[in-house]
Amino acid sequence: MHRIGTRFCLVVAVFALVFSAIVLYRAWLSAKQYVADATSAKAEIALAYNLAVRQYVKDSVRPEMMKRVGSDEFVLPVMSASHAARVVMEKVRERFPDYRLRFPSESPHNPANEATAEERKVLAFFRANPEETVWKGQLELDGVEYFAHAHAMRLEESCLQCHGAPEDAPQELVERYGTTGGFNHKVGDLVGMDMVAVPADHAYATLFSHLKGDLLTMGIWLALLFACIFGAFSLIVGRRLEAITGHFRAAASQDTIALEPIPESGNDEITILASGFNSLAGRLRQLQESLEEQVRQRTEELSLANEHLRREQKLLKQSLRMHDRERQVIAYEIHDGLAQQLVGAEMALQLAGQALSSDAEQTNASYKTGMLMLSRCISEARRLINGVRPPLLDEEGIVTAIQNLLAEDVNGYAEPEFHHPATIDRMEPVLENAVYRVVQEAVTNARQHSGSDKIRVTLALREERLYVEVQDWGCGFDPKQKKGKAMGLRGIKKRAKLLGGQATVESEPGQGTRIIVNLPLTPPEDDSDDSDF
């Protein structure tokens with residue numbers, strides 16, 4: 001719960017800080033602009049005062065003095081507008097020592113008015129823009145930022161006396177400043193400018209000091225706001241959610257699902273949450289009871305089905321064993337009965353043929369016919385014996401029986417390769433018979449249908465299981481299209497499944513065929529009795 005409260009307050013804090021930062025940034029920009037405007041206004045006022053002094057001297061003082069002293073004389077301290085303005089502004093500067101009150105020129109009478117590099121840029125602006133008389137902006141003078149206002153001084157007719165030819169200048173002006181600077185100008189020339197510059201550092205320092213105080217005050221208010229929000233959240237939401245969380249934890253720690261209802265109080269979203277939980281808990285109890293009943297019923301049904309399957313499997317295995325035993329009995333009966341009698345008949349005919357001498361030609365023909373028929377009967381009897389259950393399978397085991405199977409009835413086919421372990425212990429008769437029939441069916445299919453000149457039979461023992469693999473490199477087929485037609489393959493799969501194994505057929509058109517059968521070495525036990533066989 002504390003995590004939710006902390007996260008909530010963190011989100012609120014982020015939004016509050018971002019909002020406060022935006023407000024402070026906007027306030028800083030506004031205050032900075034205000035300071036710039038106010039400082040610039042101060043410089044503008046000072047410049048206007050300077051220009052008013054100049055204008056007063058030119059319009060009032062100089063004409064009046066000319067009436068008194070004559071037109072040929074020039075009293076510099078009184079009649080020079082620049083001199084009067086400089087004296088007045090120097091007095092002002094005593095009150096405001098940080099202000100820059102300058103009359104810069106590129107060729108001044110007074111060397112103290114020589115323009116600096118930054119001031120020359122402003123003079124260049126006036127020279128490039130003859131229609132402009134005022135410039136204002138920021139300048140860096142001696143490493144200090146200033147808000148500056150400048151007014152261009154362009155030479156007028158009345159100024160030629162002091163700035164025209166040196167020989168026409170007042171003697172007092174020449175004696176004070178010489179004839180090297182400030183002369184030889186024409187009407188309209190830019191001879192300099194009046195500039196007032198007010199430092200910005202002090203104003204910005206004052207603004208930053210106020211801003212730090214505002215930041216501190218805002219930080220305190222924000223901290224109080226976060227504390228109030230956190231406390232209100234914990235009181236209104238936190239405690240109730242913590243109670244619900246504890247309820248869930250207690251329910252989760254139980255071994256069985258038994259959700260007790262949550263006490264409901266109030267009429268807000270948390271109350272709705274508790275009510276919804278109680279409703280779901282009731283439905284969950286009902287579902288749990290229903291599921292338990294269904295599980296019980298399904299368990300009984302599965303138990304009965306498993307028992308039925310076990311009985312069917314037992315019956316199928318017994319049927320398979322009985323089938324093999326019947327084949328074995330038939331094979332013994334044919335071998336011991338029909339085959340023996342036919343052999344005896346063959347021997348008797350041989351003796352009779354030796355004893356008979358009259359009508360030798362007919363006797364010999366009958367003898368040969370009887371012998372041929374007897375030989376065919378003997379061969380057919382032996383074929384039937386091998387088809388029912390090969391004697392070698394009982395006498396020698398699975399390896400010898402398969403070797404004999406692969407060597408017989410070649411009929412023009414190449415004898416298959418046979419790979420097997422050096423020694424294989426005797427196995428259950430039903431397992432040996434199943435392996436023999438799988439190999440017999442698979443090899444017969446490969447000879448008749450694959451067109452392959454190479455067939456390989458492999459026996460392998462791995463992890464208490466016997467693996468039988470029959471592979472050819474013939475035409476192959478699509479197992480999906482053979483469904484319902486391949487009776488022999490279905491018989492192989494069914495025989496493997498009855499013995500607890502699995503048969504897999506891998507084939508593609510043009511890629512040959514591989515049949516893999518894996519069987520447990522010990523078939524599942526049943527209650528059949530082999531004592532009579």
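Strands E7 (residues 465-472) and E9 run antiparallel and are joined by eight bridges; strands are DSSP runs of at least two residues, helices are H or I runs of at least four, and both are numbered from the N terminus. Two strands are taken to pair if DSSP finds at least two bridges between them. Within E9, Asn518 stands opposite Tyr467. The model is predicted, so that local features need pLDDT of at least 70 and side-chain atom pairs count only at pLDDT 80 or more, whereas totals for chains, interfaces and linings use all residues. Residues are numbered from 1 along each chain as its sequence is written, and side-chain values use heavy atoms, with hydrogens and water left out.

Strand E9 is also joined to strand E8 (residues 502-507), by six bridges in an antiparallel arrangement. Here Ser507 stands opposite Thr513 of E9. E8 and E9 form a hairpin with five residues between them, and Gly510 in the turn has a positive phi of about 80°. Strand E9 itself (residues 513-520) is mostly covered, with seven of its eight residues buried; buried denotes under 20% relative accessible area, exposed over 50%, and partly exposed the range in between, for a 1.4 Å probe and protein chains only.

An open sheet of four strands shows the order E1-E4-E3-E2, with antiparallel pairing. Its edge strands, E1 (100-102) and E2 (134-141), each pair on one side only. Neighbouring strands of this sheet are turned by 25° against each other on average, direction ignored. Three bridges connect E1 with strand E4 (residues 190-199), and these two strands run antiparallel. Ala197 in E4 is the bridge partner of Arg100.

Helices H12 (residues 429-450) and H13 (residues 487-498) pack at an angle of about 160°, their axes lying 10 Å apart. Axes are lines fitted to C-alpha atoms, for helices over the stretch in contact, and angles run from 0 to 180 degrees between N-to-C directions. The two helices, H12 and H13, are therefore roughly antiparallel, a term applied to angles over 145 degrees. The contact (heavy atoms within 4.5 Å) involves Asn433, Ala434, Arg437, Val438, Glu441, Ala442 and Asn445 of H12, together with Gly488, Leu489, Ile492 and Arg495 of H13. These residues divide into five nonpolar, three polar and three charged; Ala, Val, Leu, Ile, Met, Phe, Trp, Tyr, Cys and Pro count as nonpolar, Asp, Glu, Lys and Arg as charged, and the others, including Gly, as polar.

Helix H12 also contains Glu432. Glu432 counts as buried because its relative accessibility is 2%. Residues up to four places away in sequence aside, Glu432 touches Leu393, Gly397, Ile398, Arg426 and Met427.

Conventions: Angles under 35 degrees count as roughly parallel, over 145 as roughly antiparallel, 65 to 115 as roughly perpendicular and the rest as oblique.
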